[in-house]
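This briefing concerns the pockets of one protein structure. Please read it alongside the sequence and the model.

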Amino acid sequence: MGNTAAPNKQASVKTSAKAANPQPKTARGEATRRAILAAAERVIGEKGYNDASIGHITSEAGVAQGTFYIYFKTKEQVFSELVLEMGRLVRHSISESTSTLTDHLNVEKAGLTAFLRFVRAHPNLYKIVQEALFVDPAAYREYYAKFASGYRVGLTAAVKKGQISEGDAETRAWALMGIARALGEQLVVFNTQKTIPELVDSAHDLIANGLKP
C-alpha cells in the first residue's frame with residue numbers, strides 16, 4: 001500500500017456535515033479530546049453505533065458528560081469525527097513507514113505492512129467505517145476519497161520516475177486499496193492464522209509480478 005498522505009489539493013468529495021467543534025487550544029484539551037475519541041472507538045466498536053450512548057463513551061473515557069459537550073455536540077458528531085480521525089491516523093502511520101523509501105514497490109510493501117499493523121491494533125476499524133456508510137455517508141466517502149487521492153499522486157509520480165508501468169492511476173489506487181482492505185479483514189475479522197509478513201509477501205508478489213506465469 002503506497003503512501004496515502006493526501007495532497008494539498010484534496011479529492012472532490014463532500015465533507016461530512018457533522019464535523020467536530022474547533023480543535024482544542026491546549027495540550028490538555030487535545031489529550032481529553034483524544035481520550036474521548038479513543039473511548040468512542042472502543043464503545044462503538046463493541047456495541048455498535050445505535051446501542052452506544054454518550055454516557056457509555058464518557059464513562060469509558062473517564063470524563064464527565066459535561067466535558068464531552070465541550071468537544072462534541074452530539075453522538076453523531078463524535079462518530080463522524082472518529083471515522084475521519086481513524087483515517088488520519090492510519091494515513092499518518094503509512095506515511096511514517098514509507099517516508100524514507102524511494103522505490104515505489106518498496107513503498108507498497110512497507111505501506112501494506114503498516115496498514116495491517118494498524119488494523120491489528122485497531123480491530124474495530126472495519127465496524128466503525130462500515131457503519132459510517134449508513135450513519136454519515138459523507139464521512140464514509142471522505143475516509144476513502146482521501147486515501148485514493150494521496151495514493152493516486154504517488155502512483156503517478158512512480159510512473160514518471162519509471163518505477164512502475166503506465167496505467168490508470170485512479171483505478172489502480174482503488175484496486176490496491178481493495179487488496180489492503182481485504183487482507184485487513186482476513187486478519188481481524190476472519191482471524192487468519194497467517195502472520196502479517198506472510199500476508200504481505202503473498203500480496204506483494206501479486207502487486208509486483210501480477211498473475212502471469
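**Pockets and their linings**

The residues that line the largest pocket comprise eight nonpolar, three polar and two charged; here Ala, Val, Leu, Ile, Met, Phe, Trp, Tyr, Cys and Pro count as nonpolar, Asp, Glu, Lys and Arg as charged, and the others, Gly among them, as polar. The model is predicted, with local features needing pLDDT of at least 70 and side-chain atom pairs pLDDT 80 or more, while totals for chains, interfaces and linings use all residues. Residues are numbered from 1 along each chain as its sequence is written, and side-chain values use heavy atoms, without hydrogens or water.

**Largest pocket**

- A pocket is an open set of points on a 1 Å grid over the protein atoms alone, where a 1.4 Å probe fits, with protein on both sides within 12 Å along at least five of seven lines; lining residues have an atom within 4 Å of a point.
- The largest pocket holds about 320 Å³ of space, a volume being the space filled by probe spheres set on the points, which are joined across faces, edges and corners.
- Its lining has 13 residues, and Leu105, Ile164, Arg172, Leu176 and Ile207 lie nearest the centre.
- Two or more lining residues come from each of α5 (104-121), α8 (169-188) and α9 (196-209); helices are DSSP runs (H or I, at least four residues) numbered from the N terminus.
- α8 gives the largest share, four residues.

**Second largest pocket**

- The volume of the second largest pocket is about 200 Å³.
- This pocket is lined by 14 residues, with Asn3, His104, Val107, Gly154 and Lys161 closest to its centre.
- α5 and α7 (137-160) each supply at least two lining residues, and α7 provides the largest share, four residues.
- The lining of the second largest pocket has five nonpolar, seven polar and two charged residues.
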